[in-house]
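Subject: Structure handover

Hello,

Here is the structure I promised to pass on. Please open it beside this email as you read.

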Amino acid sequence: MSGSPPELPIAVRGALMPTSQQLVINRRGSAVWEVESSRGHYAVKLGYPIEATAEWPAQPWTALAPAREGAVLYRLGYLSAFGEWERGTWNFQPWHLGPDLYRVWEPCRRPDSSIAPHASVALGCVEALAELHAMGWAHGDVQPAHFIIGPERTHLIDLALARGGPVPEQYDFPFRGCLVHYEAPEIARSVLATGEAEPTQEADVYALGASLLISATGWRAVEYPDDAPRAVQRKAVADGRRRPVKAPGELGKLIDRMLSHAPEDRPTICEVRKALSHL
């Protein structure tokens with residue numbers, strides 16, 4: 001979207017009556033605002049279609065993602081609202097205070113650091129994902145930026161790609177994979193073969209393992225050139241070109257199991273939680 005960032009839709013301004021607002025993200029297909037009002041502290045997401053370029057195909061689904069996420073949040077019983085604006089859809093939901101997983105473990109990644117990744121941080125992420133799985137859903141887009149480490153608990157955000165129950169047909173769209181760094185081999189294989197895949201809880205466990213690994217060490221789970229085309233990246237993931245896990249101690253051993261090539265060889269999220277609770 002060229003030019004100035006989109007403004008908050010009239011419906012959102014009327015519902016929240018902002019006393020302050022700050023644009024946090026404005027990137028391909030998505031804008032996120034932090035909004036404060038007498039009614040609370042909110043994240044407002046706006047979606048719009050991505051037009052085709054020489055590097056990227058058109059992605060009209062990005063316009064639907066905020067409404068789809070709002071519908072998922074509603075089905076899960078969380079506070080949210082969603083609707084349409086002139087270029088796409090919007091939602092608002094509670095704003096969660098805190099840094100994300102990658103930022104929290106930044107000291108662990110410094111050269112010659114003696115700081116080990118703390119199991120309690122990993123456990124908080126696991127518990128947030130386990131809560132979603134217990135409700136019968138798969139997230140589909142697990143990555144470090146989607147775990148917000150709050151003062152009281154960890155929140156798992158960005159549920160636009162989640163699967164586990166019906167959402168309004170006019171806001172639904174196929175799952176075409178996620179960030180390849182966190183994509184399970186079976187997801188990468190399906191996307192390469194058909195252009196689509198089905199998110200699963202097993203794939204979420206893989207993605208969480210990859211998220212813990214890169215946050216703790218700075219290394220991706222799978223080796224491929226940084227500037228490789230996405231299809232080449234996916235082929236490396238599908239073929240299982242995995243790096244050795246160098247996260248320390250028992251956490252490293254657990255991550256290694258979570259990154260197993262075959263879904264049936266990975267622990268469930270409940271098994272991961274049980275293992276972490278003993279570290």
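Below is what turned up, element by element.

This is a predicted model: local features need pLDDT of at least 70, side-chain atom pairs count only at pLDDT 80 or more, and totals for chains, interfaces and linings use all residues. Residues are numbered from 1 along each chain as its sequence is written, and side-chain values use heavy atoms, with hydrogens and water left out.

**Helix H5**

Helices (H or I, at least four residues) and strands (E, at least two) are DSSP runs, numbered from the N terminus. H5 covers residues 119–134. The expected span of a helix is 1.5 Å times one less than its number of residues. For the 16 residues of H5 that gives 22 Å, and the end C-alpha atoms are 22 Å apart, which agrees.

Buried means under 20% relative accessible area, exposed over 50%, and partly exposed in between (1.4 Å probe, protein chains only). Twelve of the 16 residues of H5 are buried, so the helix is largely enclosed by the rest of the structure. Among them are Val121, Leu123, Cys125, Leu129 and His133. The cover over the buried residues includes helices H3 (101–104), H7 (201–217), H9 (249–258) and H10 (269–277). Strands S6 (147–149) and S7 (154–156) contribute as well. Just after H5, Gly136 has a positive phi of about 90°.

**Pocket and cavity**

Both come from a 1 Å grid over the protein atoms alone. A cavity is a set of points where a 1.4 Å probe fits but cannot get out. A pocket is an open set with protein on both sides within 12 Å along at least five of seven lines. Lining residues have an atom within 4 Å of a point. Grid points are joined across faces, edges and corners, and a volume is the space filled by probe spheres set on the points.

For lining classes, Ala, Val, Leu, Ile, Met, Phe, Trp, Tyr, Cys and Pro count as nonpolar, Asp, Glu, Lys and Arg as charged, and the others, Gly among them, as polar.

The second largest pocket holds about 290 Å³. Its lining has 14 residues; Leu73, Tyr78, His96, His155 and Leu156 lie nearest its centre. H5 gives the largest share, three residues. By class, the lining has nine nonpolar, three polar and two charged residues.

There is one cavity of 30 Å³ or more. The largest cavity has a volume of about 80 Å³. Of its 14 lining residues, Gly140, Cys178, Ile187, Ala203 and Asp204 are the closest to its centre. H7 supplies the largest share, three residues.

**Cysteines**

A disulfide is a pair of cysteine sulfur atoms within 2.5 Å. The whole structure has zero. Cys178 is buried, at 12% relative accessibility. Its closest cysteine sulfur is in Cys125, 16 Å away, too far for a bond. Cys270 is partly exposed, at 44%. The closest cysteine sulfur to Cys270 is also in Cys125, at 16 Å, again too far.

**Two residues to look at**

Arg68 lies in helix H2 (residues 65–75). At 1% relative accessibility, Arg68 counts as buried. Contact means heavy atoms within 4.5 Å. Not counting residues up to four places away in sequence, Arg68 touches residues including Leu159, Arg163, Tyr171 and Asp172.

Phe82 sits in strand S4 (residues 81–85). Phe82 is partly exposed, at 29%. Beyond neighbours within four places in sequence, its contacts include Pro66, Gly70, Trp90 and Tyr171.

Best wishes
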